[in-house]
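Colleague: Hi! Could you walk me through this one?
Modeller: Happy to, let's have a look.

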Amino acid sequence: MMNCFEARQNFVGFWQSALAGESRGLLLAHLKGCARCDGAFRAFALTAPMLHAASGMAANEAGIGAPPHSALQGVPEFGPRVPLNVLRSAPIDMPIDFSGVRRADAHRAAEILRRASVYRLPGRRPSRQWREAAAGLSAVAAAVLLAYFSVTAPSQSFDDALASSDSISEAVVQPDSDFLGQQIPSTPAESNDLAG
Amino acid sequence: MRGILAIKRFARSVSEPTDQDLVAGALSGEPAAFAELATRHRLRVERICQRFFSDSEQVRDLAQETFIHAYGGLKGYRVEIPFGAWLRAIATNLCYDELRRRRRRPEELVADFSAPEANWVGLVNTATPEELVEAAEERREAKTLADKLLATLRPEDRLVLTLQNGEELSISEIAEIVGWSEAKVKIRAFRARQALRRQAARLVRPRKAESK
């Protein structure tokens, strides 16, 4: 029988399908019987797709084609850790800030990667400064367009327009009142008196 | 079987140049040497970036930038450090910078899910553990939802959590990498886990045990 601590230790192995038959069975039995661990596993499952994704998924997601698991065998391990602070305080030719990479080097590297089909992107994405400048220009253009349309747009609302057209229809219905600014003489009822 | 693998590994080690040979080649102006280095380490670098970002294009961009940085700073590479470890430090650094650049997602907006993500939450509450593992591999929304939850964390907390869980580094190793004290790393990890637990409590419905 597996206890709660052991069960939770096995979550990652189970998620990555790396748990052996017996341990797997024990874990499943434990989860069935322990509501707290079951809840913990479900909470774990919410972030596990990012935090505990299996190795092959990166290439799948990137659309480069999944490597067979055996293909990873030949890939050298990363070995000992390199402290980031070491890199930060390293000699100036250590590349940490993107601005630290010379433009010519960056282009050459991108070209090598492209030719080797490691990355099929045409080249580097525009730098952050360019992206920010483009965003700023777009905002200015949008503001100018907005200002232009707010000045030249008709001040009447649709309802106002309908209301004013009603007055025209009234004018048509009552031809005797006003037509294009001219007074239409009303035919007096007496004029029908032929006898007169 | 093990013998065959050992022979294969030996044959490969004899025929294939080491990372250090390739670095030397790249420094002497052979583009093919650097291309070979990038081909060898691409998957690992992408896997690191993938632990920080769910967007495949972003992952590719960051991995590409990692190699560009590496190429630009190849002269400063010290051979006593494994090339892969050096690349990992660059990739982690770039991912951390990108996390800091992004705006943190407010916790209260975490329930703002798309329909597929809401379906995934439903499945997390109802499916068996085995079904969940299978479904998570097929569903992209499982990943985007996880990314949304992790995006509510501070970049430092997320960095620590990712290195601890994703890369399976110890507290002391993380402290060494990020240059913080072990106590600070522990606090960050604790806060990150607490925050994620709060999020999970909103989404996972408690159930009663069938039998003990």
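Colleague: How many helices and strands are there in chain A?
Modeller: Chain A has nine helices and zero strands; helices (H or I, at least four residues) and strands (E, at least two) are DSSP runs, numbered from the N terminus. This is a predicted model, where local features need pLDDT of at least 70, side-chain atom pairs count only at pLDDT 80 or more, and totals for chains, interfaces and linings use all residues. Residues are numbered from 1 along each chain as its sequence is written, chains are lettered from A and ligands numbered from 1 in the order in which they are written, and side-chain values use heavy atoms, with hydrogens and water left out.

Colleague: Thanks! What share of chain A counts as buried?
Modeller: Of its 196 residues, 29% do. Buried means under 20% relative accessible area, exposed over 50%, and partly exposed in between (1.4 Å probe, protein chains only).

Colleague: And contacts in chain A, what percentage join residues at least 24 apart?
Modeller: That's 39% of the contacts between residues at least 6 apart in sequence, a contact being heavy atoms within 4.5 Å.

Colleague: New topic: where is A:Leu145?
Modeller: A:Leu145 sits in helix H8 (residues 128–152) of chain A.

Colleague: Is B:Arg193 buried or partly exposed?
Modeller: B:Arg193 is partly exposed, at a relative accessible area of 36%.

Colleague: Which helix holds B:Arg193?
Modeller: Helix H11 of chain B, which covers residues 182–203.
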